[in-house]
Amino acid sequence: MAKMTEKEALKFWDDYRKNIHRSTDIPFNEPEGDKQKRIVKLLNNFEAFCQYYFPSYCSAPFAKFQLKFAKKVIENDTIYSVQAWSREHAKSVIGGLFLPLFLKFNKKCRNTLYVSNNEDSAIRLITPIMAQLDSNQRIINDFGIQKSSWHWQAGDFITKDGWSYLAVGAGQSPRGSRNEEVRPNLILFDDIDTDEECRNQERIDNKWRWIEQAVIPTVSIDKDKRIIFLGNIISPESTIVKASRMADDFQIINILDKTGKPSWAKNTMENINYMLSKMSYASAQKEYFNNPIVEGTVFKELKWAKVPPLSKFKFLVAYGDGSYSNRETKTNSFKSLILIGELEGIYYVITCFLEQATNDKIVQWYFDAKNYVAGKSQIYNVVECNGFQDPWYEQTWLPSLADAEKQLGSMPMIPDDRDKPDKFSRIEGNLEPLNRMGKLVFNEDEKNNPHMIRLEGQFKAVAPNMKAHADGPDATEGGWWFINNKLRVTATITVGIPKRSKYKY
């Protein structure tokens, strides 16, 4: 984006100030006693403080994780906090605007550094603070004029009562950043990582050395200090990841919580699903799930081709995995059902269902797969049910299946109760050779199916130390295993009738 001219920048600033002024009307003829009581109440309630002084920002109720973070920073005069929040969770507003001003008016954190990936970014992040102090009628009405007449410029300003704010870009020297005798006692790192730098680990390592050696030591050892990192995890060894190892308080917040629901009610499932449908699996995982993926480690390319008529298959397998395994994190686990068949040594992934869903929905998927096949081939319905999932199978799966059968008809089910080896080893050992030899084929007629797109993304994300979802590839391996096991069991040997020897009776 091209830089604004000086004239354009001045107009933008003037419009920005006017909007803040208009949105912060003040009580008319409020008695001084009532005013002071209100101020005291607001200074002891972070949520109410934000809603009153910044009404244009507070269009939705706070999420629990936002208030939890704010509470810890407010109550601990010395803290090292790292917040890895996905996009759309207001980390810069809460951590970079609300908290610094709440602390200021509670007479804490007199010297604040804003640190970002470059000086322009740092100035953009600090500008809302400057604008609010300059033009927010409610702040001025309650706490007096904030703008100083001697030190008030973009990226570096001191309020009339002596609170200082400085924007610092990565690599710049913050040494000697004192406000009279006060060293920095609030350092905010916001979006310190960039995509470009994360592609070069040496650059990230150099930046981390600068953070540890030049920035963090600007605080005073024997005084209050709050060190806060805000961002999301966009590479496996980013500065946010490095900082998390030092943190007193570390939160990872994804766009969906552990139950698959929006982490912040402001973001509806409809809106989230729309955004996710417009992005590749890998991009969505990085931006919204703090899960950077290096694609193509094991499965570089998948083969897409026509699937033979379903009537040509001896049988098909609908293999589903609807539960969590105790061996893995439960966070944002996907439910999956893969419809797969084998013909002349080729394994065809005919269609799939793959998303974060309820148990009732995966039960429905079996009926959807049945309708898809439409009686053209026999289907074996298999559900993963190893020793770690027995309670889920008995207590959740079977009742859900029984409820569905009352309305939709019988659905014979075979539990896969084998004790599976390591997930990556199974997927790589059993499916990678097939894929490499062109014997694992994905239905090209389903290539635009969002579920199949997610499956392709999960295959490309498979890696030895994978933290990415692999529920789709895992179910594909389960279907492959069942087909091979079934073929071995049902193999027949044709025995001819031997000629009778003329020498025997």
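**View 1. Strand 10 and strand 13 side by side.** Here strand 10 (residues 316–321) runs alongside strand 13 (residues 379–384), paired in the parallel sense over five bridges. L316 has I379 of strand 13 as its bridge partner. Strands count as paired if DSSP finds at least two bridges between them; strands (E, at least two residues) and helices (H or I, at least four) are DSSP runs numbered from the N terminus. This is a predicted model, where local features need pLDDT of at least 70 and side-chain atom pairs count only at pLDDT 80 or more, while totals for chains, interfaces and linings use all residues. Residues are numbered from 1 along each chain as its sequence is written, and side-chain values use heavy atoms, leaving out hydrogens and water.

View 2. Seven strands line up in the order 9-15-12-11-10-13-14, with mixed pairing. Strand 9 (303–305) and strand 14 (414–416) sit at the edges with a single partner strand each, so one side of each has no neighbour in the sheet.

**View 3. Helix 3 meets helix 5.** Helix 3 (residues 46–53) and helix 5 (residues 91–105) pack at about 105°, with their axes 11 Å apart. Axes are lines fitted to C-alpha atoms, for helices over the stretch in contact, and angles run from 0 to 180 degrees between N-to-C directions. The two helices are therefore roughly perpendicular to each other (that is, 65 to 115 degrees). Helix 3 brings F46, F49 and C50 to the contact, and helix 5 brings I94, F98, L99, L101, F102 and F105; contact means heavy atoms within 4.5 Å.

Definitions and conventions:
Parallel < 35°, antiparallel > 145°, perpendicular 65-115°, else oblique.
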